[in-house]
Structure formats: C-alpha cells, structure tokens
Amino acid sequence: MTDGSQERPGDFDALLTYVRDARGFDFTGYKRPSLARRIEKRLEARKVPDYDEYRTLLEKDPDEFVDLFNTILINVTAFFRDEFAWDYLRDVVVPRLLDARDDEQLRIWSTGCATGEEAFSLAIVFAEALGGEDFKRRVKIYATDVDADALSFGRHATFSPKQIKPVPEELRKKYFVRENHSYAFRGELRRTVIFGRHDLIQDPPISRIDLLVSRNTLMYFTPEVQSRVLANFHFALRDDGYLFLGKSEALTAKTDLFRPVDLKRRVFAKVPKRADRLLATRDERATLLTPSVESVVRDAGLDVVSVAFIAVDRDGALSLANLQARMQFGLSQRDLGRPIQDLEISFRPVELRSRIEQAYTERHPVSLRDVAWRATEETRYLDVQVSPLNSGTGELVGAGITFTDVTRYRRLQVALQEARRDAETAGEELQATVEELETTNEELQATNEELETTNEELQATNEELETMNEELESTNEELETMNDEIHVRSSELNTTNAFLEAILASLPAAIVVDRALRVQAWNAGARELWGLTTDEAVGQHFMNLDIGLPVDRLHAPLRSVLADGGNRDIVRVDATNRRGRAVTTRVELAPLHANGSTDGVILMMETEDAQ
Ligand SMILES: C[S@@+](CC[C@H](N)C(=O)[O-])C[C@H]1O[C@@H](n2cnc3c(N)ncnc32)[C@H](O)[C@@H]1O
C-alpha cells in the first residue's frame with residue numbers, strides 16, 4: 001500500500017484538474033497528503049495501478065465520481081461535538097450576541113455542516129436562549145456543505161439513536177419527536193435551518209453573519225486556501241460577529257483579521273476593517289469604493305434579498321444567482337457561465353427556457369403563480385416571474401428570474417378559503433335553522449289558534465255542562481221533593497194496606513178477583529178454609545184453583561156481578577174444606593168499585609153445616 005507521502009505514478013494534478021473541470025469539485029486546494037490517502041483508497045478498491053488509469057476509469061464510469069467524493073469528503077460529525085467548546089458558546093458567546101442585537105434578526109452560518117448535527121446543535125442553543133417563538137421569528141441558520149448527499153440527509157433532520165446520543169435527555173425530549181426507531185427534529189423549528197450547497201473554495205460567502213461556525217473543515221485545505229477562505233469569513237461576518245472553529249484548527253494565517261476571544265475553545269471575534277464598512281458619506285464612498293468593492297457590495301446586497309433571483313444572459317448562460325437562489329436550488333459559483341439547459345433549474349421547479357423566450361418576444365415579464373416545488377418532503381409554492389433585462393440603451397441583454405416563496409400566503413389563502421367555506425356552511429345552516437324556526441313558529445301559531453278554538457269550544461261545553469248541572473240539580477231537587485212525597489205516600493199506602501189487611505183479616509174468608517178473575521187478595525180465613533196460602537193463591541186464575549170449592553159453580557155469578565156492577569149475589573155451594581169435611585158454603589159476591597167502575601169482585605165465604 002502506498003501512503004500519502006509516496007504518491008502513485010501518474011499525474012496527480014491532472015487527475016484533480018480533470019475532476020474539477022468534469023464535475024466542478026476543486027480539490028486542488030486540499031492538503032495533499034490526506035487527499036492522496038483518500039484517493040489511494042479508491043485506487044485500491046478499483047484495483048487501478050496509477051492516477052492516469054484512474055482518470056480513464058472516471059471517464060468511462062461516471063458512477064465512480066460518487067464513490068470518490070464520498071471517500072474524499074469526510075462527513076464525520078456529531079451533536080455538540082467537543083462539549084466544552086459548546087458550553088462556552090452557550091454560556092458566553094450567545095448571551096453576548098443577544099445583548100448586542102436587541103430584537104434584531106440573527107444570521108448564523110454553519111459551513112461544512114456535513115449531515116446537519118452541528119446546525120441543529122446551534123438551533124437548540126439559540127432556541128434555549130431565546131425561547132421557541134423568538135427563535136423562530138429572529139434566527140436563520142444557513143447550513144452549507146459541498147456534499148449534496150450529506151445535505152439531503154440533513155434536510156430530513158432525522159437521526160438514529162446512536163447519532164442522537166450526545167444530546168442531553170431533557171433537550172432530546174424538548175426538540176425531537178420519536179419516529180419509530182429514529183428522532184426527528186421538531187418541524188416548526190426545523191424550518192429555521194436552511195440547507196444549501198456551498199463550496200467554501202469557489203462560492204462567494206454569505207454576508208451579514210453574526211456567528212460563523214466552521215469546524216473541522218478548514219483543516220483539509222492548504223494554508224493558502226485557508227487564508228482565502230478566512231478572508232471570505234471576515235467579509236461574511238458583521239463587525240461584531242464571532243467565528244467558531246474546530247478543536248484543532250488554529251488561525252495560522254491572516255491573524256490580523258480575527259482576535260481570539262477564547263483560544264482554547266477556538267472562538268474568535270472579527271477585527272473590523274475600514275474598507276469593509278459601508279461608509280457614511282457620499283464623498284467617502286467616492287474616494288474609497290473601488291469597482292471591485294462596488295461589485296462585492298452589489299453581490300452582498302443581492303445576497304441579503306430573501307427572494308431567490310437568477311439572471312441569464314442573451315446566450316442562455318447563467319450569469320448571476322443570489323444566495324437565496326444558490327441555497328434553494330443547489331447552485332454554486334461554478335455554475336455561473338454554464339448554459340441554463342444544463343442546470344436542473346431550467347426545468348425544476350418550472351420549465352424556464354420557453355418562458356424566457358416568451359419574455360424576450362413579448363418584451364414583457366411572464367408571471368407564473370403558485371408553482372409547486374417539492375425540494376424536501378414538504379411541498380412549497382413559488383411565484384415565478386421571468387423579466388426581460390434591458391441595458392441602459394434599451395438593448396435586450398438577458399432575463400432576470402425571481403422565485404418568491406408564497407407557501408405561507410398560499411396556506412393562509414387555503415385557510416381563508418376553508419374559513420369562508422365554513423362560514424358559508426354555517427350561514428346556510430343558520431338560514432335553514434331560521435327557516436325551520438319560522439315554519440315551527442307558524443305551526444305553533446296554527447296550533448295555538450286551534451287550541452284557542454278548542455278552548456272556546458271547551459268553554460262553551462263547560463258552560464253547557466254547567467247549565468246541565470244546574471238543571472240536574474233542580475231536577476234532583478224536584479226528585480227529592482217527589483221522593484219525599486213518595487215516602488209520604490208510601491207510608492200512607494202502607495198504613496192503608498195495613499188497614500185493608502186488617503179489614504181483610506178480620507173478615508171470615510175473603511177473596512178478591514179482578515175483572516179477569518185473577519186472584520188479587522186471599523185472606524187468613526180463606527187460607528184456613530181452603531188450605532192455600534196467600535202466596536200460592538194470589539195471581540192464579542180463580543177458575544183454575546184446585547180447592548174443595550167447586551169454582552165452576554161460581555163462574556156465572558161472578559160474570560153477572562161484573563156485568564151489572566152494583567148488584568150483589570149470594571150463592572150456596574157444597575164444598576169440601578181443607579180438613580176434608582163436606583161443608584155448605586155461603587158465598588156472597590159483591591162488586592169491587594174503584595174509580596167509579598167495577599174493577600173486580602169480593603167473595604166472602606162462610607160455611608154452614610152440611611145437611
Ligand atoms: C469532518 S466534516 C465536519 C462537520 C462538522 N462541521 C463538524 O465539525 O462536526 C467536514 C465537512 O466539510 C465538508 N467540505 C469539504 N470540502 C468543502 C468545501 N470546499 N466547501 C464546503 N464544505 C466542504 C465535507 O463535505 C464535510 O462534510
């Protein structure tokens with residue numbers, strides 16, 4: 001095996017140049033020994049004897065680039081890596097920064113962030129210091145790396161139990177949500193961390209940074225490249241901004257740009273330079289701003305604009321991409337000058353070339369609204385405007401394209417539409433309820449009227465009943481009077497009856513028959529004489545009586561008394577009394593007068609001794 005100091009045969013530099021030209025990765029500024037050691041691994045894996053042959057292999061098998069980059073770019077990282085340094089950051093640097101910033105925005109840049117643990121550690125530190133709401137409102141963390149695969153891992157913000165281990169238990173509970181066997185950084189805070197591809201060697205720095213964290217990345221670069229990158233860091237930082245380096249990274253070069261705040265923890269403060277400041281007066285600017293400073297200021301100005309902006313020239317080459325565009329669409333400095341059709345942005349999030357042509361033809365901006373763009377698992381919505389760009393003389397020089405993120409407004413719009421729909425439904429329901437109430441009201445009114453009628457009817461019936469009651473009462477009174485009279489009559493009748501019975505009893509044997517000859521009265525004497533009791537005799541037809549008296553002998557006298565009314569008759573007949581003795585019975589028949597007519601006959605009988 002060959003180590004870094006004993007490189008393989010072949011042109012190592014030519015290999016690096018080929019990689020840079022073919023894929024835009026410039027490793028020429030990386031420290032040679034460690035770079036050679038990493039490339040050596042690939043040569044061994046692919047069993048290639050030298051660099052020239054490896055280069056040929058890359059030409060033939062482009063997939064090898066992926067393995068090569070994965071081998072060179074070491075993504076080792078961890079949450080709160082080097083705890084003692086993070087403690088210092090949390091306890092000293094962050095409070096100082098917050099004191100200095102009042103309620104202003106805070107821009108933090110984690111360069112060479114690998115899979116994002118460093119950026120999320122920063123998010124936790126600031127969220128703890130500010131509280132969730134202020135954190136979301138004030139803080140933006142740019143997490144950049146040259147390695148797109150590492151960035152896409154970071155964007156998912158989901159970590160294994162092993163990766164999450166360095167996060168203290170209470171913070172883990174507070175900032176992560178358990179999802180099956182992994183931990184996801186809480187969604188609403190996650191949006192504060194913006195991942196984007198950025199090459200420290202080739203791309204211009206992000207500007208107006210308050211805290212720049214570049215840990216364990218600079219050390220891979222040659223001292224010359226390090227000084228260039230540090231100059232960029234100096235430019236990137238605000239005058240009172242801080243730089244946080246890795247444990248073994250010392251500021252060997254350009255030390256006049258930064259002063260140590262705590263050397264052991266590798267925290268440095270920017271030493272402001274006069275030329276970096278935007279000068280107060282027009283005169284000062286006129287004397288001090290060189291054209292390059294102007295362009296730096298222009299680029300920096302474009303970078304702080306929160307809308308993504310790109311420009312293409314008349315030949316269709318990308319000539320400008322501000323920070324937001326670079327972060328959002330993974331563009332880098334090396335993409336500048338490339339034909340737009342070679343870049344993903346020409347068709348995603350929306351097909352651009354036809355729109356650029358349309359803008360040129362119409363000499364008017366072409367606007368597209370609510371273009372859906374799915375960069376991560378979350379779909380975002382962009383308003384895209386393609387505007388023709390004219391020079392001062394009116395000549396068409398290219399097109400400027402803005403991508404305005406309208407996700408928030410769209411969500412608000414959707415929420416508003418939903419609220420409107422809900423309100424409409426509620427209104428309709430209310431209307432229906434009102435109508436129902438009105439119907440019910442009318443029904444109630446009708447029922448009420450019916451009830452009133454029924455009530456009146458009842459009232460009438462009641463009055464009728466009252467009248468009837470009174471009538472009944474008077475009838476009752478009459479009946480009572482009649483009853484009393486009947487009682488009186490009854491007792492009179494009883495007295496009369498008793499009187500008559502007494503008369504009848506005192507007669508020897510007496511029988512009374514009516515006009516039909518039915519027995520009406522049968523006294524004790526008759527019972528004694530003929531042996532029939534009163535109950536047995538009363539009601540019987542006289543002519544049917546089976547007694548010792550030969551009743552047929554009396555038929556004619558009875559009829560005759562009934563016929564003439566006032567005349568009596570006396571008849572003597574032979575008879576047998578109840579004891580069986582033959583007796584001659586003297587029967588006197590007298591008419592019974594009631595109401596002036598003959599109603600019956602009274603028969604009085606006496607026995608005479610038989611001859
Ligand atoms: C060892 S990691 C450091 C991760 C993290 N900063 C930390 O300290 O835990 C180094 C990272 O630097 C990135 N890197 C290498 N060259 C770079 C470049 N030119 N620009 C930006 N990032 C680069 C690598 O992809 C890798 O993810």
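This is a predicted model: local features need pLDDT of at least 70, side-chain atom pairs count only at pLDDT 80 or more; totals for chains, interfaces and linings use all residues.
One part of the chain to follow in detail is an open sheet of seven strands, which are arranged in the order β6-β2-β1-β7-β8-β10-β9 with mixed pairing. Its edge strands are β6, residues 193-197, and β9, residues 258-262, each of which pairs on one side only. On average, and with direction ignored, neighbouring strands of this sheet are turned by 25° against each other. Strands of a sheet pair through backbone hydrogen bonds, either parallel or antiparallel. In the case of β2, which spans residues 139-145, the pairing with β6 is in the parallel sense and extends over five bridges, and Tyr142 stands opposite Ile194 in β6.

Helices accompany this sheet. Helix α6, made of residues 117-130, packs on the sheet and touches β1, β2, β6 and β7, while its direction makes about 155° with that of β1. Helix α5, made of residues 83-101, lies across β1, β7, β8, β9 and β10, and runs at about 170° to β8.

Elsewhere in the chain, helix α1 covers residues 12-23 and includes Phe12. Is Phe12 buried or exposed? Residues under 20% relative accessible area count as buried, so Phe12, at 3% relative accessibility, belongs to the buried ones. Although Phe12 and Tyr54 are 42 residues apart along the chain, their C-alpha atoms are separated by 10.0 Å.

The model also holds a ligand, with 23 residues around it, of which Tyr30, Thr77, Glu118, Asp145 and Asn216 come nearest. Several polar atoms of the protein can be traced to it: a polar side-chain atom of Glu118 lies 2.8 Å from a nitrogen atom of the ligand, and an N or O atom in the side chain of Arg81 is 2.8 Å from an oxygen atom of the ligand. Arg215 takes part through its backbone, where an N or O atom lies 2.9 Å from a nitrogen atom of the ligand. On its own the ligand has 600 Å² of accessible area, and the protein covers 98% of it.

Key
Residues are numbered from 1 along each chain as its sequence is written. Side-chain values use heavy atoms; hydrogens and water are left out. Helices (H or I, at least four residues) and strands (E, at least two) are DSSP runs, numbered from the N terminus. Buried means under 20% relative accessible area, exposed over 50%, partly exposed in between (1.4 Å probe, protein chains only). Two strands pair if DSSP finds at least two bridges between them. Axes are lines fitted to C-alpha atoms, for helices over the stretch in contact, and angles run from 0 to 180 degrees between N-to-C directions. Contact means heavy atoms within 4.5 Å. A residue is near a molecule or strand if one of its heavy atoms lies within 4 Å of it. A polar contact is a pair of N or O atoms within 3.5 Å; within protein, one must be able to donate a hydrogen and the other to accept it, and residues adjacent in sequence count only if both atoms are side-chain atoms. Accessible areas come from the Shrake-Rupley method with a 1.4 Å probe; for residues, only the protein chains shown count as cover.
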